[in-house]
Amino acid sequence: VTLSEGARAGTGRELGMLDSLLSLGGLVLLRDSVEWEGRSLLKALIKKSALCGEQVHILGCEVSEEEFREGFDSDINNRLVYHDFFRDPLNWSKTEEALPGGPLGALRAICKRTDPGPVTIALDSLSWLLLHLPCTTLCQALHAVSHQDSCPGDSSPVGKVSVLGLLHEELHGPGPVGALSSLAQTEVTLGGTKGQASAHILCRRPRQRPTDQTQWFSILPDFSLDLQEGPSVESQPCSDPHIPPVDPTTHLTFNLHLSKKEREARDSLILPFQFSSEKQQALLRPRPGQATSHIFYEPDAYDDLDQEDPDDDLDI
């Protein structure tokens, strides 16, 4: 099959986005919402890891194994190791297939593997685990798995560990979401507009400043990414150069600007509360022949002239 140049460019952009999400290892936090679901992107990342030859372990808690595997071809499904915690999350059936310790026990078992190759662990989902486990316990387990190149007490080195965690952030408060965000090397916040999905990617590299970017994409039925251009931002209508612009101040009932004569009249106006030297002299020194007035005050019987207790007449 020969790909056209456009198809090759699209495939390269797709791999670039997926590689940027998986290259750092550690915890990749996928934050979705009711409007913009993230399980499809999670499955696209799982497909990319499987095609790269990595070991892929899936801890399925929210949907059945059949529903999760739907859409993958047989080659991808054969490479996936699925740990089913949806059918019997509390291990009431006491089957031998169930790992002791539940999902965290499965995480520890994956950490103690002897194969040194890279591994990808997909958690579907972190929201389910937060509803059944204390937040501190889950964060400690994620830190132990995703931030160590070798397990405690195990001298055998292991390869890069990537943990893909799907989080329905609308179900949780700012505390758990902030705790998981602080653990993540890569955060992907799903959103969009006009029916087109977007992913805001925040990468935290050791000893480097965090970088962020926004990718617009759609996910094909085979869980391949189709990167797209972002929707055009609605701008103001472009003005026609042949039509003169409309002055918004033409129909106002007042003037925003003063003419030269109006400015001179404003500057020469003496406001009534401003006392000039001439006005002060006229008030303090009455002119000759000007009648003077006096105030004659005779105390009343009820007047209180006691300065030591001016409120005596209030009967307090």
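How far is the sulfur of Cys139 from the closest cysteine sulfur, and in which residue does that closest sulfur lie? The distance is 3.9 Å, and the partner is Cys135, which is too far for a bond. This is a predicted model. The protein has 316 residues, and its secondary structure comes to ten helices and nine strands.

**Cysteines**
- The structure holds zero disulfides.
- A disulfide needs two cysteine sulfur atoms within 2.5 Å, so the 3.9 Å between the sulfur of Cys135 and that of Cys139 is too far for a bond.
- Cys135 counts as partly exposed, with a relative accessibility of 24%.
- Cys139 is buried, at 11% relative accessible area.
- The cut-off that separates these two labels is 20% relative accessible area, with buried residues under it.

- Phe254 lies in the loop that runs between β9 (225–228) and α9 (260–268).
- With 47% relative accessibility, Phe254 counts as partly exposed.

**Whole protein**
- Of the 316 residues in the protein, 35% are buried.
- The protein exposes about 21,100 Å², and 55% of this area is supplied by carbon and sulfur atoms.
- Among contacts in the protein with a separation of 6 or more, 66% are between residues 24 or more positions apart.

Key
Residues are numbered from 1 along each chain as its sequence is written. This is a predicted model: local features need pLDDT of at least 70, side-chain atom pairs count only at pLDDT 80 or more; totals for chains, interfaces and linings use all residues. Side-chain values use heavy atoms; hydrogens and water are left out. Buried means under 20% relative accessible area, exposed over 50%, partly exposed in between (1.4 Å probe, protein chains only). Helices (H or I, at least four residues) and strands (E, at least two) are DSSP runs, numbered from the N terminus. Contact means heavy atoms within 4.5 Å. Accessible areas come from the Shrake-Rupley method with a 1.4 Å probe; for residues, only the protein chains shown count as cover.
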